[in-house]
Amino acid sequence: MPFKIEGISSDIKSMMFDMDGVIWKSNTPTGDLSYFFSTLQKNNIQYGFITNNATKPIDIVQKRLASFGVYCEKEFIINSAIATAALLKERFPNGGNLYIVGEEGLISTLAEAGYTHQNNPTEDTLAVVAGLDHGVNYQKLSTAASLIRKGAPFYGSNGDKTFPTPLGEVPGAGTILAAIAAASGVDPIIAGKPQPFLLDLMIERMQTNHENTLMIGDRLETDILGGNNAGCPTLLVLSGVSTRKNIEEMNILPSIIREDIFELLTEFNNE
Ligand SMILES: [Mg+2]
């Protein structure tokens with residue numbers, strides 16, 4: 001039985017969820033996640049989670065989901081570190097040395113994929129990769145920029161300039177990418193949303209199609225723009241960052257809008 005959502009012309013067979021502001025806010029789930037995702041399972045809707053946050057390893061995210069009664073194979077949880085590794089694989093399939101400005105989550109994910117971080121880069125450094133790094137300093141920026149000026153390609157995990165915390169907006173990976181771009185004169189190749197690469201990777205793993213996969217997120221400029229860029233129907237939930245007013249201001253249009261993901265449950269009850 002094809003699953004239809006009012007406002008979306010194609011059948012929905014799978015869903016991709018952003019995490020922060022969608023399924024939880026800080027440490028608090030946005031509702032009964034166990035019931036929600038078991039309803040999707042009962043209706044044969046595949047689901048996966050995609051996040052630009054590359055600071056936490058996937059097994060930690062998987063455990064956190066399970067603590068709320070949501071069970072998901074690691075394969076269907078993709079962060080921008082995994083997307084960066086997949087992007088590097090396309091160009092450097094045999095792995096090698098990198099100069100990474102980033103934290104443990106990014107460094108360990110790239111190491112698992114065969115890419116070693118060098119504190120002191122040598123001649124054989126394949127590329128510079130940068131993401132959020134609370135320990136960023138002048139020396140790191142300088143080393144990264146000098147490698148890029150000598151010809152090393154420059155990759156970024158995600159372009160989010162800030163991210164929300166209980167204390168307000170704080171600098172994100174995009175702020176660090178911007179500093180390296182300013183110092184090197186080169187813009188990064190970005191793996192995370194709103195580039196379609198991360199979404200394409202999830203669709204490939206789910207073995208589904210773009211038009212049948214609903215992208216669900218709370219941020220217009222990453223989740224919704226990313227879904228639109230990838231050619232997926234998009235759902236903006238108002239449980240996180242973006243508001244209805246932002247839609248006009250930014251001119252980024254989701255296919256549909258709901259207060260939160262739990263409003264989708266009424267669509268199942270209508271069948
Ligand atoms: Mg979010």
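This is a predicted model: local features need pLDDT of at least 70, side-chain atom pairs count only at pLDDT 80 or more; totals for chains, interfaces and linings use all residues.
User: Why are strand 10 and strand 11 called a pair, and how many residues lie between them in the hairpin?

Analyst: Strand 10 (residues 162-165) and strand 11 (residues 168-171) share four bridges in the antiparallel sense, and the requirement is at least two, so they count as paired. F163 has V170 of strand 11 as its bridge partner. The hairpin formed by strand 10 and strand 11 has two residues between them.

User: Why is L235 called buried?

Analyst: L235 has 28 other C-beta atoms within 10 Å. The term applies at 20 or more, so L235 is buried. L235 lies in strand 14 (residues 234-237), and beyond residues up to four places away in sequence it touches L214, I216, P254, S255, I256 and R258. By contrast, S67 is 168 residues from L235 in sequence and 25 Å from it in space, C-alpha to C-alpha.

User: Why is Q46 called partly exposed?

Analyst: Q46 has 19 other C-beta atoms within 10 Å. Buried requires 20 or more and exposed requires 12 or fewer, so Q46 falls in between and is partly exposed. Q46 lies in strand 4. Leaving aside neighbours within four places in sequence, Q46 is in contact with K13, S14, M206 and T208.

User: How do you know that Q46 and S14 are brought together by strand pairing?

Analyst: Q46, in strand 4, is the bridge partner of S14. The two are 32 residues apart in sequence and 4.4 Å apart in space, C-alpha to C-alpha. Strand 1 and strand 4 (residues 46-51) run parallel and are joined by four bridges. Strand 1 is also joined to strand 13 (residues 213-217) by four bridges, again parallel, and there M15 stands opposite L214.

User: What makes both faces of strand 1 covered?

Analyst: In strand 1 (residues 14-17), S14 and M16 on one side and M15 and F17 on the other are all buried. In a regular strand the side chains alternate between the two faces of the sheet.

User: Why are the buried residues of helix 2 said to lie on the same side?

Analyst: The buried residues of helix 2 (residues 58-67) are I58, V61 and L65. They cover an arc of only 60 degrees around the axis, which puts them on the same side of helix 2. These buried residues pack against strand 5 (77-79). D59, I60, K63, A66 and S67 are exposed on the other side. Just after helix 2, G69 has a positive phi of about 80 degrees.

User: How do you know that helix 1 also has a buried face?

Analyst: The buried residues of helix 1 (residues 33-42) are F36, F37 and L40. Viewed down the axis, they fall within an arc of 85 degrees, so they line one face of helix 1. The face turned away from that buried side carries the exposed residues Y35, Q41 and K42.

User: What makes up the contact between domain 1 and domain 2?

Analyst: The domain assignment gives domain 1 (14-52 + 193-269) and domain 2 (82-190). Nine residues of domain 1 and eight residues of domain 2 take part in the contact. On the side of domain 1 that touches domain 2, helix 7 (residues 197-206) gives the most, with three residues. The residues of that side divide into four nonpolar, four polar and one charged. The centres of domain 1 and domain 2, taken over C-alpha atoms, are separated by 27 Å.

Methods:
Residues are numbered from 1 along each chain as its sequence is written. The arc is that of the directions from the helix axis to the C-beta atoms. Two residues are in contact if their C-beta atoms, placed from the backbone, lie within 7 Å. Domain bounds come from an automatic or database domain assignment. Ala, Val, Leu, Ile, Met, Phe, Trp, Tyr, Cys and Pro count as nonpolar, Asp, Glu, Lys and Arg as charged, and the others, Gly among them, as polar.
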